[in-house]
Structures are given as C-alpha cells and as structure tokens.
Amino acid sequence: MEFLIFALIIFFLSMLFSMIGLGGAIVYVPVFYWSGFDLLSAIPMGLLLNTVTSASAAVTYLRKKLVELRVAIPFLAVSMIAAPVGAYCAHLVPIHMLLGIFSIIMALVGIGMLKPENGISIGGHAFSFPLIMASGFVVGFLGGLLGIGGGSLIMPLLLYFGYAVKRSAATSGLIVLFTSLAGLIGHLGPWQPDMQLVTYITIAAFLGAQVGSYLMHTRMQPQTLRKMVGVVLCIMALRMTAGLFGILSDGNI
C-alpha cells in the first residue's frame, strides 16, 4: 500500500513537471527525504525519476519539433561533464549546507515562476555559444551536487534567452534527461535501492510524463502551469528551511 501511495504521488508530480520541463527532482528529492530516506539516497531516486520523466516527455516534444536542438546539444554536452563532478562533491559537502542551497534555489525559482512572462530577454531568441557553454557547466554542476537534474535552472535561463514557454519547456526537458542521467551515474556508488519501490515509481513517472507532455502540447496554458509550480516550489522551500532549522537546533550537523 505504501508503494502505491508513492506511485500515485510520483504520477501526478511527473505529470505536472513534465509539462514545464523541470523533470521534478527538485520536488522528488524533498518528498523522499521527508518520507524517511536519507538525503544521499533521496538524491539518486530523484535523479532516476527525473531521467524517466524527461525521457518519456522528450519523445513527445521531439516528435512535435518543439526542441531547440542548437541550444540543447552544446548545453547538455557540457552539463553532462559537469554533473558527475557535482555529484562527487555532494559527498564532501555537509548535509545542512546542501539543504540550505536547495531551499534557496527552490525559493528563487518559485518566485521567478510566479512572475508574469513579460518578454524580457537578452535579445530575443539570443544564441551565444560561450554563454550556453558556461551556463551548461554551472547548471550541470549544481544539478549533480543537489540532485535536481538542473531543469529548475535551465527553464528560467531559456525564458531569459527569449524562448516561448512551451519551447523552453521542451528544450529544458531534453537537456534534463541527459544531465539527470549523468548525475545519477555519479550517485550510484553508495545507493542501495529498494527495487520494488523503484519499479513502482519508475512506471508511475513514465506514465505521468506521457500524460503531462500530451496535455502541455494540446490543452494546458503554460502561464497557469508556471504559477502552479511557483507556488509549490515556494511552499517546499519554506518547508525545507524549517527542516534545516530543526537540524541545526538539534545539533545534527
């Protein structure tokens, strides 16, 4: 029964986050952490689901030609190199520091998602190869370090570059597929998963992403989804901050 509950939660989360190209690990990881898993087990589980969710959605987005390949290919090439470096550094950084960084990123991205899309960019559909490469390295490193796949950072970047919400979501989703996979590989060493749970949640993530990518392309208003995710991220950032204060007050650092 517990596995079915996890599967239902993951199904709806993957459906939601596949719509906007975030993958979902920025939420998956806290969900598993709050459910009793230690952080270094929650991170690879989140990255696994990110990989499955993004791969499932990418099939739809590539078929509909929504992906900006000239941005995605160099971005993911660099970020895949940086993600394992970040994953390795995760074992060297204290857990309370990881939680602090995580909560700050969630709050910043959540606030950014709540702002209306106003068309402000660095030149509208701007393409700067050095900027793409630098952004790819930073996003890949942070994604591997925090187990978030990087979608929560890629999506705002693409919007800032001037791409529309749907095209940004599709491109972000493809990049997240590869950064998540690279980060997952870096976290596999100490991970001892419950294979029955992994099977349930992997199937749920795949199916949820199929539904979400279909709805995003055919029915949903991206601006509404941005606001929904922004609210969720802000709430979770507050919850993560409260948990961090609890760890610090208990002296478990």
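A residue is called buried under 20% relative accessible area, exposed over 50% and partly exposed in between, with a 1.4 Å probe and protein chains only. By this definition Phe32 is buried, because its relative accessible area is 0%. The model is predicted, so local features were considered only at pLDDT of at least 70 and side-chain atom pairs only at pLDDT 80 or more, while totals for chains, interfaces and linings use all residues. Residues are numbered from 1 along each chain as its sequence is written, and side-chain values use heavy atoms, with hydrogens and water left out.

The chain contains 10 helices and zero strands, where helices are DSSP runs of H or I with at least four residues, strands are runs of E with at least two, and numbering starts at the N terminus. Read from the N terminus, the order of elements is α-α-α-α-α-α-α-α-α-α. Of the 253 residues in the chain, 53% are buried. Among contacts in the chain with a separation of 6 or more, 85% join residues 24 or more positions apart, a contact being heavy atoms within 4.5 Å.

Helix α2 covers residues 25-34 and is mostly covered, with eight of its 10 residues buried. The buried residues in α2 are Ala25, Ile26, Val27, Tyr28, Val29, Pro30, Val31 and Phe32. Just after α2, Gly36 adopts a positive phi of about 115°.

Four aromatic pairs are present in the structure. Rings of Phe, Tyr and Trp (its six-membered ring) pair if their centres lie within 6.5 Å, and the planes count as stacked under 30 degrees apart, as edge-to-face over 60 and as tilted for the rest. The rings of Phe32 and Phe37 have centres 5.7 Å apart and planes at 90°, so this pair is edge-to-face. Phe37 has a relative accessible area of 25% and is therefore partly exposed, whereas Phe32 is buried. Ring pairs join Phe6, Phe32 and Phe37 into a cluster.

Helix α3 (residues 39-63) and helix α9 (residues 195-218) have axes that come within 8 Å and cross at roughly 35°; axes are lines fitted to C-alpha atoms, for helices over the stretch in contact, and angles run from 0 to 180 degrees between N-to-C directions. The crossing of α3 and α9 is right-handed, a term used if the near helix is turned clockwise from the far one by less than a right angle, with left-handed used if anticlockwise. On the α3 side the contact includes Met45, Leu48, Leu49 and Val52, and on the α9 side it includes Ile201, Thr202, Ala205 and Phe206. By class, this contact has 13 nonpolar, six polar and no charged residues. Ala, Val, Leu, Ile, Met, Phe, Trp, Tyr, Cys and Pro count as nonpolar, Asp, Glu, Lys and Arg as charged, and the others, Gly among them, as polar.

Val52, in helix α3, counts as buried because its relative accessibility is 15%. With residues up to four places away in sequence not counted, Val52 touches Thr202, Ala205 and Phe206.

Helix α4 (residues 69-90) packs against helix α6 (residues 129-146) at an angle of about 35°, with the axes 6 Å apart. The α4 and α6 crossing is right-handed. Residues in this contact include Val71, Pro74, Phe75 and Val78 of α4, and Phe129, Ile132, Met133 and Gly136 of α6. The contact of α4 with α6 has 17 nonpolar, six polar and no charged residues.

Lys65 lies in the loop between α3 and α4 and has a positive phi of about 60° although it is not a glycine. Lys65 counts as exposed because its relative accessibility is 67%. Leu108, in helix α5 (residues 95-114), has a relative accessible area of 58% and is therefore exposed. The C-alpha atoms of Leu108 and Leu153, 45 residues apart along the chain, are 9.8 Å from each other. Pro193 is placed in the loop between α8 (165-187) and α9 and is partly exposed, with a relative accessible area of 32%. Pro193 and Ala42 are 151 residues apart in sequence, and their C-alpha atoms are 9.8 Å apart in space.
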